[in-house]
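Dear colleague,

I am handing over the structure that we spoke about, with its sequence.

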Amino acid sequence: MEHYGLLREKGTKVEPKHSWDCNTRAASYVLYNLSRHSDHHASATTPFWELKAHPNVMELKYGYIAHMMLAMIPPLWHQYTAPKLAFWDLHLASEAELELAKQSNKSSGKHFMNQNASAQLAEENK
């Protein structure tokens, strides 16, 4: 769930944009700042108690447990994540990652993941 739908070209460095953060207090306390996953990728040697929230990363804003439950119902999970992934495609992905996303979206067969829907979904996600 922490990397769901966020693609990276093989052999490139994992960056903060390649993971989802969950910056709720409960997640930070219970999961020892695992919720600050992006900072872990930006600075892997930072102790967990010093991990910070990163701006401009994908966010699981309702907490880990809520998102785990949502993920157990794939149609709802896809409805929830599609606009966020479209936003990532349009604003955070590199050209190589965007090409990987296009290939993955096309092969998924999911109508909401195709490039034509991405612009509309990204606008709705602002």
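Predicted model: local features only at pLDDT ≥ 70, side-chain atom pairs only at ≥ 80, totals over all residues.

Residues are numbered from 1 along each chain as its sequence is written, and side-chain values use heavy atoms, with hydrogens and water left out.

To begin with the fold, the secondary structure comes to six helices and two strands, where helices (H or I, at least four residues) and strands (E, at least two) are DSSP runs numbered from the N terminus. Along the sequence these elements follow the pattern β-α-α-β-α-α-α-α. Of the 126 residues, 37% count as buried, and here buried means under 20% relative accessible area, exposed means over 50%, and partly exposed lies in between (1.4 Å probe, protein chains only). The accessible surface comes to about 7800 Å², of which 58% belongs to carbon and sulfur atoms; these areas come from the Shrake-Rupley method with a 1.4 Å probe, and for residues only the protein chains shown count as cover. If one takes the contacts (heavy atoms within 4.5 Å) between residues at least 6 apart in sequence, 58% of them join residues at least 24 apart.

Helix H5 deserves a paragraph of its own. Its 14 residues should span 20 Å at 1.5 Å a residue, and this agrees with its end C-alpha atoms, which are 20 Å apart; the expected span is 1.5 Å times one less than the number of residues. Within H5, Glu-97, Leu-98, Ala-101 and Asn-105 are buried, and because they cover an arc of only 100 degrees around the axis, they lie on the same side of H5 (the arc is that of the directions from the helix axis to the C-beta atoms). The buried residues of H5 pack against H4, while the face turned away from the buried side carries the exposed residues Glu-95, Lys-106 and Ser-107. Just after H5, Gly-109 takes a positive phi of about 75 degrees.

Which residue pairs with Lys-17 in a salt bridge? The partner is Glu-97, with the closest N and O atoms 2.9 Å apart, and the pair links distant parts of the chain, since Lys-17 sits in the segment before strand S1 (20-21) and Glu-97 in helix H5 (residues 95-108), 80 residues apart. The structure holds one salt bridge, the term standing for a side-chain nitrogen of Lys or Arg within 4 Å of a carboxyl oxygen of Asp or Glu. Both Lys-17 and Glu-97 are buried, the latter with a relative accessible area of 4%.

Leaving aside neighbours within four places in sequence, Glu-97 is in contact with Leu-7, Arg-8, Glu-9, Lys-17, His-18, Trp-88 and Leu-92. Its C-alpha lies 5.9 Å from that of Leu-7, although Glu-97 and Leu-7 are 90 residues apart in sequence. Arg-8, in the segment before S1, counts as partly exposed at 35% relative accessibility, and, with the neighbours within four places again left aside, Arg-8 is in contact with Lys-13, Val-14, His-18, Glu-97 and Leu-100. Gly-5 also has its place in the segment before S1; Gly-5 and Asp-89 are 84 residues apart in sequence and 9.8 Å apart in space, C-alpha to C-alpha.
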